[in-house]
Structure formats: structure tokens, C-alpha cells
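Please examine the sequence and the structure below before reading on.

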Amino acid sequence: MVEPQIITEDALVFLKKLGESGVPYLIIGMTSAILQGAPTGTKDIDIWFKSMDNPLLMSIIRECGGVYIPPAIVAMNAPMFGGTLTLFDPVSNPSGLKQFEDEYGKAETFDFDGIPITLLPLDRVIASKEASGRLKDKAVLPILRATLEIKQRQK
Amino acid sequence: MTEAEEKLYIEKISRYWQIAHEIRVQHPEHDAGDLVHILQCLESSPRNRLEEGLRFGRAADYYRRRAGIPEEIG
């Protein structure tokens, strides 16, 4: 039996189109840490946009077969993506980080299968996990700090 | 693995452990095993790293739910 592709073609096209369009975004959280070498896990790809109120972003989401589900007071849902883009989790207020522009200015461009993507640097992922205070975030701090140590030695 | 490949692999892992112990001299707060895993992880492509991370994260989430452990903790 062929194992289903975990990183879908739609997800790759989405990242490619975001880069080509110049829509500012940051891959944050554990996905950013994993791509930078932390051997740990994540359920989805946390992605932070400067603003969701961006017609170009909405058109890219639709072109890729995705749906943006805005946060709603009645349903009490967090913002999310549906359709073909459920792998991504749009985050609106990440813990412990500065304004989007400040963090974006320090972002690292990373080659992902030939697609340039923008990542939150590992030290900022650590700052975010430290600030969240959740047990599951505290639990990953040792491995993230150890990864940062190796990254700094490899520079 | 051929005998030659096995020898190279063992040499590489031994080198990783050596690096890990060197780091621990200055930073005893890090776990040597974690450091070795990170060095091994850095060998694989970013796509492989993320695929592994997503598989691991989703499996962990499945077993967390099955065990009734709140998401806050797991």
C-alpha cells in the first residue's frame, strides 16, 4: 500500500505562490524548529501572516483549493484553513513574540525542496515557547535549546 | 549495510557522541543523547525532517487522546 503523502502537493504550491506573490508570512512554532534541526514533532504547520485582510492572500488560498475560516465569536473557533490546506494552522497572536514586522525583519529564508520559505529563527521560537507557559511547550524547551547550541557551533 | 558502510556509520556516530560530550563540558544542562539525535536530524533533508516531525506529532497526538491526556499537557 502506498503511504499517503503527508506534505501535499497543494501545500507546496501554496508556499511557492506565497513566496512569488510577496505576501509576508512566517512559519513559526515547532515546524520552524523542526526545519532548523530539532528532532521533535508537530501536528501542523503554524503560519503567521501580517494580516489576513489581504485579497491577494485570499485569492492564493482559493487557487490552491483552500478555504479560510475566520475566527467567530459564536462558534468560538480559532482562525483556521480548510479544504486542501488543513496542514496549515494560521496563528494570529503567537505568544511571546513582538509585532509581525519586527519578527519578519529577523526571519531566515530557508530552502524547502527548492521553495524559499521564511522561518522564525530558532531563538525566537524558544522565546515564544518560554512565554506560552503551557506544559507541552516547556517540555520541548531542552531539545530546542540543545538544537540552538549546535546551530551556533556550526556557524 | 556492507562491512565498510557499517564501519563508516559507527565512526560517524562515535564522532557525534564526541561532539555531544564536548558540548556538555560547557553546557551540562544539555542531554548528550539529545545532541546526538540533533546531529543525526541535521543530516536529513528539510522535507524529510518535516515529514518525520509530522508523523511523530500526529502519532503522539493520537496516543495522547487515547490515553485521555489533556492537550495542554501532551
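The largest nonpolar core holds 41 residues, and those touching the most other members are A:I27, A:A33, A:V125, A:L144 and B:I38. A nonpolar core is here a set of buried Ala, Val, Leu, Ile, Met, Phe, Trp, Tyr and Cys residues joined through C-beta atoms within 7 Å. With five residues, α6(A) gives the most to this core. The model is predicted, so local features need pLDDT of at least 70 and side-chain atom pairs count only at pLDDT 80 or more, while totals for chains, interfaces and linings use all residues. Residues are numbered from 1 along each chain as its sequence is written, and chains are lettered from A and ligands numbered from 1 in the order in which they are written.

**Terms**

- Helices (H or I, at least four residues) and strands (E, at least two) are DSSP runs, numbered from the N terminus.
- Two residues are in contact if their C-beta atoms, placed from the backbone, lie within 7 Å.
- A residue is buried if 20 or more other C-beta atoms lie within 10 Å of its own, exposed if 12 or fewer, and partly exposed in between, with C-beta atoms placed from the backbone.

**Contact between chains A and B**

- Chain A contributes 24 residues to the contact and chain B contributes 27 residues.
- On the side of chain A that touches chain B, at least two residues each come from α2 (29-35), β6 (108-112) and α6 of chain A.
- α6(A) provides the largest share of that side, eight residues.
- The side of chain A that touches chain B comprises 13 nonpolar, six polar and five charged residues; Ala, Val, Leu, Ile, Met, Phe, Trp, Tyr, Cys and Pro count as nonpolar, Asp, Glu, Lys and Arg as charged, and the others, Gly among them, as polar.
- The axes of α6(A) and helix α2 (residues 32-41) of chain B cross at roughly 60° and come within 9 Å; axes are lines fitted to C-alpha atoms, for helices over the stretch in contact, and angles run from 0 to 180 degrees between N-to-C directions.
- That angle makes α6(A) oblique to α2(B); angles under 35 degrees count as roughly parallel, over 145 as roughly antiparallel, 65 to 115 as roughly perpendicular and the rest as oblique.
- The crossing of α6(A) and α2(B) is right-handed; a crossing is left-handed if the near helix is turned anticlockwise from the far one by less than a right angle, and right-handed if clockwise.
- A:P142, A:I143, A:A146, A:T147 and A:I150 of α6(A) make this contact with B:D34, B:L35, B:I38 and B:L39 of α2(B).
- Seven nonpolar, one polar and one charged residues form the contact of α6(A) with α2(B).
- Apart from neighbours within four places in sequence, B:I38 is in contact with A:G37, A:A38, A:P39, A:A146, A:T147 and A:I150.

**Helices α5 and α6 of chain A**

- Helix α5 (residues 122-132) and helix α6 (residues 135-154) of chain A pack at an angle of about 160°, their axes 10 Å apart.
- α5(A) is therefore roughly antiparallel to α6(A).
- The crossing of α5(A) past α6(A) is left-handed.
- Residues of this contact include A:L122, A:V125, A:I126 and A:K129 of α5(A) and A:V140, A:L141, A:L144 and A:L148 of α6(A).
- By class, the contact of α5(A) with α6(A) has seven nonpolar, two polar and six charged residues.
- The buried residues of α5(A) are A:L122, A:R124, A:V125, A:I126, A:S128 and A:K129, and they pack against α2, α4 (100-105) and α6 of chain A.

**Helices α1 and α3 of chain A**

- The axes of α1(A) and helix α3 (residues 55-63) of chain A come within 10 Å, crossing at roughly 150°.
- This makes α1(A) roughly antiparallel to α3(A), and their crossing is right-handed.
- A:F14, A:K17, A:L18 and A:S21 in α1(A) meet A:L56, A:I60 and A:E63 in α3(A).
- A:K17 counts as partly exposed because it has 18 C-beta neighbours inside 10 Å.
- A:S21 counts as partly exposed because it has 13 C-beta neighbours inside 10 Å.

**A loop residue**

- A:D113 lies in the loop between β6 and β7 (115-119) of chain A.
- Although not a glycine, A:D113 has a positive phi of about 50°.
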